[in-house]
Amino acid sequence: MTVTEAHRSIDAVWRIESAKLIAALARMVRDVGLAEELAQDALVAALEQWPSSGVPSNPGAWLMTIAKRRAIDHFRHRKMAQRKHEELGLDLETTQDAIEVEPDEVPDDLLRLIFTACHPVLSTEARVALTLRLLGGLTTDEIARAFLVPETTVAQRIVRAKRTLARKKVPYEVPVGAELAERLGSVLEVVYLVFNEGYSATAGDDWMRPALCADAIRLGRILAGLAPREPEVSGLVALMELQASRARARVTADGEPILLLDQNRAKWDRLLIGHGLAALARAETLAGEARRGPYTLQAAIAACHARAGAPEDTDWARIAALYGELADVMPSPVVELNRAVAVSMARGPEAALPLVDALAAEPTLARYHLLPTVRGDLLAKVGRFEEAKAEFARAAELTRNAREREVLIARAKQASTGNAG
Amino acid sequence: MKFMVLVKADETTEGGAMPTEQELTEMGKFNEELVKAGVMLAGEGLLPSSKGARLRYSDQGTTVLDGPFTETKELIAGFWILEVSSRAEVIEWMKRAPFRDTTIEIRQVASEDDFGDAMTPELREREERMRRQVEERHGS
């Protein structure tokens, strides 16, 4: 085996094993930061030995053995160093007992790790970095490139996050009862944030960014396996799979975004759509009589597009109804604006205009160029060209995208000649 | 990236022998690991070629040949479709499959982009129409 081949295998093993390894070690040593260091030590040992000895037949167990040995050494040293201190967080005997437990025996380990990495004592940035590091097996450099920040920033975030978890004595456990729902929200938010960071990146970017989408979907699927009764976990998986199914169709070769209705649907990934629809069905079954959550509803909207063979087959009435439901569980002016667009597609511009007019006084949308864009579009359709022109001009002022500004200026001109555009 | 893992047939699978309970348990456990890790998109076992057929297309028309087929080692007994980050990762996963005396083959699934210019918009559209029909028939 060449060194390159060995390194490729080690990368692959690390991707498969690292989260399980760190999760099991964290349970033993009750410190996520230390667990990660021990796992890293084992990785270094693999990098030193496997290129000459070959990858062992059970690489996960090999890494675990090395990491456990380092753990015992660590506590032995600590015991010697702290001999004078009576209150030792962990004594050597109990540590050794704990270390006898095999990783697969406690299936909740990974779930504990996810809940710890996404703990509310940490800032959102810290949660994201720690999740990618501990659960995604990404290096600090990879995380830095994915989020376009310097590597030192990410490294500091992770060090500080680990310190905060230790200082605040965050228990390594899965929350129960009402706390579970709340904390799960934080976990799902982190996963979706990672997904969007990758999804908002255009083609041509560093490969690390689009790869984030795949990482987020994988994390979501892992979470769905660990928390199989939580509808919103499946809802989020469905949403990510349905959005990712359009990845190849959403930008031109030059990286210009293509609107959903203009996308070449032949480029949509049918296998991912099938998976997304199945995940959505699971989420809806799990929700049962209960109100569908925001991720499930957004997935249901994405599913309406995925099911439409051609843009004109889109079930806009259903999409409008789903936005209505979404506005109930997650009130937001942006959701209202989207609902207005769906209503105009389903029932015409006259029905949608009052919805958009109601948003005019909304302070959060004051600088949001899509509000005047949508309003201008509706006004042009009902023949109120003068007002439409003013809206397009205003939208052109607000947008920060040069290409979009050109389009809006052109539409303003069209409107002034009495053309609906 | 997506990979298809093809499990080659042998005399046993072609003879119609079904897996034992232990084999099924082991395979179930392996599949569960793939699902839990979020990498498995599909996977099925196939019945012997005696239940299958082969079609040969030529200028003279199409001939249908019923199974079984003799060249056992070239036949397929099952498959997975896995979504992973690298070829090395599929290999690493498949090393853990509970096989003893079996050959598998790993192939990367082509994406639209791999076909290049030969895949014209018209062809893409036709392809898409076909896939939609298949899905509709399966009611998904």
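Good morning. Two remarks on conventions come before the description. Residues are numbered from 1 along each chain as its sequence is written, and chains are lettered from A and ligands numbered from 1 in the order in which they are written. Because the model is predicted, local features need pLDDT of at least 70 and side-chain atom pairs count only at pLDDT 80 or more, while totals for chains, interfaces and linings use all residues; side-chain values use heavy atoms, with hydrogens and water left out.

I turn to chain B. Five helices and six strands are found in chain B; helices here are DSSP runs of H or I with at least four residues, strands are runs of E with at least two, and both are numbered from the N terminus. Their order from the N terminus is β-α-α-β-β-β-β-α-β-α-α. Of the 140 residues in chain B, 29% are buried, where buried means under 20% relative accessible area, exposed over 50% and partly exposed in between, with a 1.4 Å probe and protein chains only. Among contacts in chain B with a separation of 6 or more, 76% join residues 24 or more positions apart; a contact means heavy atoms within 4.5 Å.

An unreviewed UniProt entry places the annotation "domain: YCII-related" on residues 1-109 of chain B. Such positions are given in the numbering used here, feature names are shortened, and annotations may be inferred rather than shown by experiment. The span is 26% helix and 35% strand, and its end C-alpha atoms lie 8 Å apart.

One peptide bond in chain B deserves attention: G67(B) and P68(B) are joined by a cis bond, with omega about 5°. P68(B) sits in the loop between β4 (61-66) and β5 (76-83).

How do the two chains meet? The contact draws 24 residues from chain A and 26 residues from chain B. About 2300 Å² is buried between them, with carbon and sulfur atoms giving 55%; this buried area is the accessible area, with a 1.4 Å probe, that two parts lose on being put together, summed over both. In chain A, the residues losing the most area to chain B are I16(A), R221(A) and R270(A), together 26% of what that side buries.

There are four salt bridges between the chains, each a side-chain nitrogen of Lys or Arg within 4 Å of a carboxyl oxygen of Asp or Glu. One salt bridge joins the side chains of R15(A) and E89(B), at 3.0 Å from N to O. On the side of chain A that touches chain B, α1 (3-29), α10 (208-226) and α12 (270-287) each supply at least two residues. The largest share, eight residues, comes from α1(A).

Most residues other than glycine have a negative phi, and most peptide bonds are trans. R30(A), however, has a positive phi near 55°; R30(A) lies in the loop between α1 and α2 (32-53) and is exposed, at 56% relative accessible area. L148(A) also has a positive phi, about 55°, in the loop between α7 (140-147) and α8 (151-167), and L148(A) is exposed at 61%.

Leaving aside neighbours within four places in sequence, R246(A) contacts Y199(A), L260(A), Q263(A), W268(A), A302(A) and H305(A). Thank you.
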